[in-house]
Amino acid sequence: MTPKEKAKELVYKYEYLVEYELKDMKQCALIAVDEILQMVDETMQGWLDADIIAHWEQVKEEILAL
């Protein structure tokens, strides 16, 4: 799945929780991505995490672009 596809998937998982407000949906998805980035940073401790971090940073950028 591309970062753009993942961004859309994450954002639209929140549509029923925030009554279809794209701004709120995006904020929820950004919180999820930040949690993933924090977990990767804390648990992988530099072991092959550059690609994972780069992927999720791209997803974050795509969410912001929606």
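Author: Handedness of a crossing needs defining first. A crossing is right-handed if the near helix is turned clockwise from the far one by less than a right angle, and left-handed if anticlockwise. This is a predicted model.

Reader: Fine. Which hand does the crossing of H1 with H2 have?

Author: H1 passes H2 in a right-handed crossing. The axes of H1 and H2 come within 8 Å and cross at roughly 115°. That makes H1 roughly perpendicular to H2.

Reader: Which residues meet there?

Author: From H1, Leu10, Val11 and Tyr12; from H2, Leu22, Met25, Lys26, Ala29 and Val33. Sorted by type, the residues of this contact of H1 with H2 are seven nonpolar, no polar and one charged.

Reader: Step back a bit. How many helices and strands does the protein have?

Author: Three helices and zero strands. Along the sequence the pattern reads α-α-α.

Reader: What box do the C-alpha atoms fill?

Author: Roughly 40 × 20 × 15 Å, taken along the principal axes.

Reader: And what percentage of the residues is buried?

Author: Buried residues make up 27% of the 66 residues. As for contacts between residues at least 6 apart in sequence, 53% of them join residues at least 24 apart.

Reader: Back to packing. At what angle do H2 and H3 cross?

Author: At roughly 170°, with the axes coming within 10 Å. H2 is therefore roughly antiparallel to H3, since angles over 145 degrees count that way.

Reader: Which residues make that contact?

Author: On the H2 side they are Lys26, Ala29, Leu30, Val33, Asp34, Ile36, Leu37, Val40 and Met44. On the H3 side they are Ile52, Ile53, Trp56, Glu57, Val59, Lys60, Ile63 and Leu64. The contact of H2 with H3 divides into 13 nonpolar residues, no polar ones and four charged ones.

Reader: Asp34 and Lys60 are both on that list. What do they form?

Author: Asp34 forms a salt bridge with Lys60, and the closest N and O atoms are 2.6 Å apart. The pair links distant parts of the chain: Asp34 is in helix H2 (residues 22-44) and Lys60 is in helix H3 (residues 50-65), 26 residues apart.

Reader: Why would such side chains pair in general?

Author: Side chains of opposite charge can pair when their charged atoms come close.

Reader: Are Asp34 and Lys60 buried, partly exposed or exposed?

Author: Asp34 has 35% relative accessibility and counts as partly exposed. Lys60 is partly exposed too, with a relative accessible area of 23%. Both labels follow because partly exposed covers what lies between the 20% limit for buried and the 50% limit for exposed.

Reader: How many salt bridges does the structure hold?

Author: Two. One of them joins Glu9 and Lys6, where the closest N and O atoms are 2.6 Å apart.

Reader: Where do Glu9 and Lys6 lie?

Author: Both are in helix H1 (residues 3-12), three residues apart, which is about one turn of the helix. Glu9 is partly exposed, with a relative accessible area of 29%.

Reader: Which residues meet between H1 and H3?

Author: Pro3, Lys4, Lys6, Ala7, Leu10 and Val11 in H1 meet His55, Trp56, Gln58, Val59, Glu62 and Ile63 in H3. By type, the contact of H1 with H3 has seven nonpolar, two polar and three charged residues.

Reader: Now a loop residue. Where does Glu19 lie?

Author: Glu19 is in the loop between H1 and H2. At 63% relative accessibility, Glu19 counts as exposed. The C-alpha atoms of Glu19 and Ala29 are separated by 15 Å, the two residues being ten apart along the chain.

Reader: Last one. Where is Gln38 placed?

Author: In helix H2. Gln38 is partly exposed, with a relative accessible area of 38%. Between the C-alpha atoms of Gln38 and Pro3 there are 18 Å, and these residues are 35 apart along the chain.

Methods:
Residues numbered from 1 in each chain as written. Predicted model: local features only at pLDDT ≥ 70, side-chain atom pairs only at ≥ 80, totals over all residues. Heavy atoms only, no water. Salt bridge = Lys/Arg side-chain N within 4 Å of Asp/Glu carboxyl O. Helix = DSSP H or I, 4+ residues; strand = E, 2+ residues; numbered from the N terminus. Buried < 20%, exposed > 50% of the residue type's maximum accessible area, 1.4 Å probe, protein only. Axes fitted to C-alpha atoms, helices over the stretch in contact; angles between N-to-C directions. Parallel < 35°, antiparallel > 145°, perpendicular 65-115°, else oblique. Contact = heavy atoms within 4.5 Å. Nonpolar A, V, L, I, M, F, W, Y, C, P; charged D, E, K, R; others polar.
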